[in-house]
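Subject: Handing over the structure

Hi,

Here is the structure I promised to pass on to you.

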Amino acid sequence: MKIRTGKGPIPLSALLAIWSVSAVASLPGLAVSPILGDMNRIFPHATDLEIQMLTSLPSLLVIPFVLLSGKISERRNKFTLLATGLALFFLSGVACLFAGSMTELIVISSLLGVGAGMVIPLSTGLVVDYFTGDYRVRQLSYSSAINNLTLVLATALAGYLANIEWHLPFLVYTLPGISFAAVFLLRRTPAAAEPPQSDQLKHTSIDWRKLAGVMALYFAITFLVLTVTYYVSFLVEARGLKDSLSGVLISLFFLAIMLPGFLLRRTIQLLRQRVNVVSLLLIAVGLACIGSFGSRAMLVTGCLLAGFGYGVMQPLIYDKAAIVGPPRTSTLALSLVMAMNYLAVVLCPFVMDPLEHLFGLVHLGGERFPFLFSAVVAALLAGAAWRWRDSFALGLDSSYYAKRQP
């Protein structure tokens, strides 16, 4: 079976290899999450600083290695770089299964962050290398959907395994071994050159102004929706609901991010130039529902709306990053954009908590403030997207919905 790419067909095995890399890009941090509450029991002598380092240090290391991987990809063989990152990711995951101390876990998890950082920009970079035009947008949306579906399933698996034995959640970190094997199959099918009409060939170097706009937008929307993953559990507890509901809400949120990946083409055709405006409004309304209403139905509705809005924008941002420069710079541009995701992950709690104290909105309740504040900012961004709908970052060029490739 041959898969059309816009620059010549590739075998199904090559597409599955690309998808397998997309599937493992969001795994870092998953195995630790379900056992964080038990760390003081598992390691009685562990300090609070060590527990914090176990979660924050790997995420911090992802950022420089995402950027380094993007830079190296300009001049080095991407397959060698990808295979090295996947091997380090996989071997670190195996080593975590045998870790016996907090120090060992921190060191191994940091190495895992390094390997993941090398892989993350290449997970979308491969899609850009092998596909072009409408085919690239479609595959980026599928890649995003696969990434988020894997995140949901792996989170559920890690939570289940944590109830058996605390080492077992780290089994999810062995999934990159499958991708490592698949990369060697992909290597037999090199990517074809970009066609003459490609947007990428209109540039001789990266258009840094356009890229900066895309980076800022991605940081902003990621920062806003992270309130769901960081603060919904506090909201659920404050409203006297079952603790298990927070896990359900976060899972629904990621499922909602996944859904547009399979509907993106139709969504673009329906909304056209208004796609970012509507998506930002969905994020705003969704976060407002979570912060304003106490019923389970409204919490579920809010998570679904916010996730869907974010899920529409994410692959479009990746595609825009891919076309701001010539083909050789696409992975570098993507690495800069994707680093914004991890920067938002690191900064969100450190920015949101002081903001709550700065505004002094005690009557809102601490658990509601992050959602209501983020909803207001998302609404303001929606207004900006409408005002500057002809801009590269906030708008959508007619080429996205005018073309009709089979």
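A search through the whole structure turns up six salt bridges. Please keep in mind that this is a predicted model.

**Salt bridges**

One of the salt bridges brings together the side chains of Glu74 and Arg328, at 3.5 Å from N to O. These two come from distant parts of the chain, 254 residues apart. Glu74 sits in the loop between α3 (48-72) and α4 (78-96), while Arg328 belongs to the loop between α12 (296-322) and α13 (330-359). Arg328, with a relative accessible area of 48%, is partly exposed.

Asp134 and Arg265 form another salt bridge, with 3.6 Å between the closest N and O atoms. Asp134 is part of helix α6 (residues 133-162) and Arg265 is part of helix α10 (residues 260-271), so this pair ties together parts that lie 131 residues apart in sequence. Asp134 is buried, its relative accessible area being 6%, whereas Arg265 is partly exposed at 27% relative accessibility.

Arg136 makes a salt bridge with Asp319, and here the closest N and O atoms are 2.5 Å apart. This pair again links distant parts of the chain, with Arg136 in helix α6 and Asp319 in helix α12, 183 residues apart. Both Arg136 and Asp319 are buried.

**Nonpolar cores**

The largest nonpolar core has 119 residues, and those that touch the most other members are Leu105, Phe131, Leu211 and Val337. Take Val337 as an example: leaving out residues up to four places away in sequence, Val337 touches Leu211, Val214, Met215, Tyr218, Ile317, Tyr318 and Ala321. Another core lies apart from the largest one; it has eleven residues, including Ile268, Val275, Val312 and Leu316.

**Around Phe253**

Phe253 is a residue of helix α9 (residues 244-258). With a relative accessible area of 2%, Phe253 is buried. Which residues is Phe253 in contact with, leaving aside its neighbours within four places in sequence? They are Val225, Val228, Thr229, Cys303, Ala306 and Gly307. Phe253 and Gly311 are separated by 58 residues in sequence, and their C-alpha atoms are 9.8 Å apart in space.

**Helix α7**

In α7, the buried residues to look at are Pro176, Ser179, Ala182, Val183 and Leu186. Viewed down the axis of α7, its buried residues fall within an arc of 115°, and they therefore line one face of the helix. The elements that cover these buried residues include α1 (12-24), α4 and α5 (102-130).

**Two loop residues**

Glu165 is in the loop between α6 and α7 (176-186). Its relative accessibility of 32% makes Glu165 partly exposed. Glu165 and Ile35 are 130 residues apart in sequence, with 9.7 Å from C-alpha to C-alpha.

Arg272 belongs to the loop between α10 and α11 (275-292). The phi angle of Arg272 is near 50°, a positive value in a residue other than glycine. Arg272 is partly exposed, with a relative accessible area of 37%.

**The second largest pocket**

The second largest pocket holds about 350 Å³ of space. It is lined by 20 residues, of which Lys210, Ile323, Phe392, Asp397 and Ser399 are the closest to its centre. Which helix gives the most to the lining of this pocket? That is helix α15 (residues 399-402), which contributes three residues.

How values were computed. Residues are numbered from 1 along each chain as its sequence is written. This is a predicted model: local features need pLDDT of at least 70, side-chain atom pairs count only at pLDDT 80 or more; totals for chains, interfaces and linings use all residues. Side-chain values use heavy atoms; hydrogens and water are left out. A salt bridge is a side-chain nitrogen of Lys or Arg within 4 Å of a carboxyl oxygen of Asp or Glu. Helices (H or I, at least four residues) and strands (E, at least two) are DSSP runs, numbered from the N terminus. Buried means under 20% relative accessible area, exposed over 50%, partly exposed in between (1.4 Å probe, protein chains only). Contact means heavy atoms within 4.5 Å. A nonpolar core is a set of buried Ala, Val, Leu, Ile, Met, Phe, Trp, Tyr and Cys residues joined through side-chain atoms within 4.5 Å. The arc is that of the directions from the helix axis to the C-beta atoms. On a 1 Å grid over the protein atoms alone, a cavity is a set of points where a 1.4 Å probe fits but cannot get out, and a pocket is an open set with protein on both sides within 12 Å along at least five of seven lines; lining residues have an atom within 4 Å of a point. Grid points are joined across faces, edges and corners, and a volume is the space filled by probe spheres set on the points.
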